[in-house]
Amino acid sequence: MPFNLSEEQLAHAEKEIGLKLPHEYREAMKLDNGGEAFIEEDDWKFYPIKDASDRKRLSRTCNHIISETKSCGGFGNFPENTLAIASNGLGDQMVFIKESGRFLDEIFLWLHETGELHKLADSFSKIEKL
């Protein structure tokens, strides 16, 4: 169940990642940390951003973007310069790409079987959350 996220918790996550997240994504997660979308004929579940402000929120965000990105590293072909933000439950990931010391605004689809990256949207605002 999605819920809001404070600027303070968002800043903690960005510090751990080492980069600021794209503006549209940040603003969307502050209002609704997690959620779902229907894209490319798949149901997608957005990973939340870690929220350690209390025990309940911490337990709700244990599958946060940083931990899920690390677990994707178990796939031999997951690109190191990406951050996983959503899954279709079949292994494919929606990702941001790190380039020149920042995350690009574009959203990419990473296909776990082939390791291919395909541009999905120009920005997070183009993704219609359910």
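Mentor: Happy to, and let us begin with a term we will need: a salt bridge here is a side-chain nitrogen of Lys or Arg within 4 Å of a carboxyl oxygen of Asp or Glu. Keep in mind that this is a predicted model.

Trainee: Which residues are linked in a network of salt bridges?

Mentor: Side chains of opposite charge can pair when their charged atoms come close. By the rule above, the count comes to eight salt bridges. One of them joins lysine 30 to glutamate 27, with the closest N and O atoms 3.2 Å apart. The linked network consists of Glu7, Glu14, Arg26, Glu27 and Lys30.

Trainee: In which helix do lysine 30 and glutamate 27 lie?

Mentor: At 22% relative accessibility, lysine 30 counts as partly exposed, and glutamate 27 is partly exposed too, at 30%. The two are three residues apart, about one turn of the helix, and both lie in helix H2.

Trainee: How many residues apart in sequence are the parts that aspartate 32 and lysine 129 tie together?

Mentor: The side chains of aspartate 32 and lysine 129 meet in a salt bridge, 3.6 Å from N to O. Aspartate 32 sits in the loop between H2 and S1, and lysine 129 in the segment after strand S7 (117-121), so the pair ties together parts whose separation in sequence is 97 residues.

Trainee: Let us turn to helix H1. Within what arc do the buried residues of H1 fall, seen down its axis?

Mentor: H1 covers residues 7-17, and its buried residues are Gln9, Leu10, Ala13, Glu14 and Ile17. They line one face of the helix because, seen down the axis of H1, they fall within an arc of 140°.

Trainee: Which residues are exposed on the other side of H1?

Mentor: The buried residues of H1 have cover that includes helix H2 (23-31), helix H4 (65-72), strand S3 (82-87) and strand S5 (102-103). On the other side of H1, the exposed residues are Glu8 and Lys15.

Trainee: Which residue takes a positive phi in the hairpin of S1 and S2?

Mentor: S1 and strand S2 (residues 42-46) run antiparallel and are joined by four bridges. Phenylalanine 38 stands opposite aspartate 43 in S2. The hairpin has two residues between the strands, and the residue with a positive phi, near 55°, is glutamate 40.

Trainee: Finally, what is the radius of gyration of the protein chain?

Mentor: The protein chain has four helices and seven strands. The globule rule gives 14 Å for 130 residues, and the chain comes close to that, so it is as compact as a globular protein of that length. Of its 130 residues, 46% count as buried. The radius of gyration of the protein chain is 14 Å.

Terms used
Residues numbered from 1 in each chain as written. Predicted model: local features only at pLDDT ≥ 70, side-chain atom pairs only at ≥ 80, totals over all residues. Heavy atoms only, no water. Pairing = 2+ DSSP bridges. Buried < 20%, exposed > 50% of the residue type's maximum accessible area, 1.4 Å probe, protein only. Arc of directions from axis to C-beta. Contact = heavy atoms within 4.5 Å. Rg over C-alpha atoms; globule rule 2.2 N^0.38 Å.
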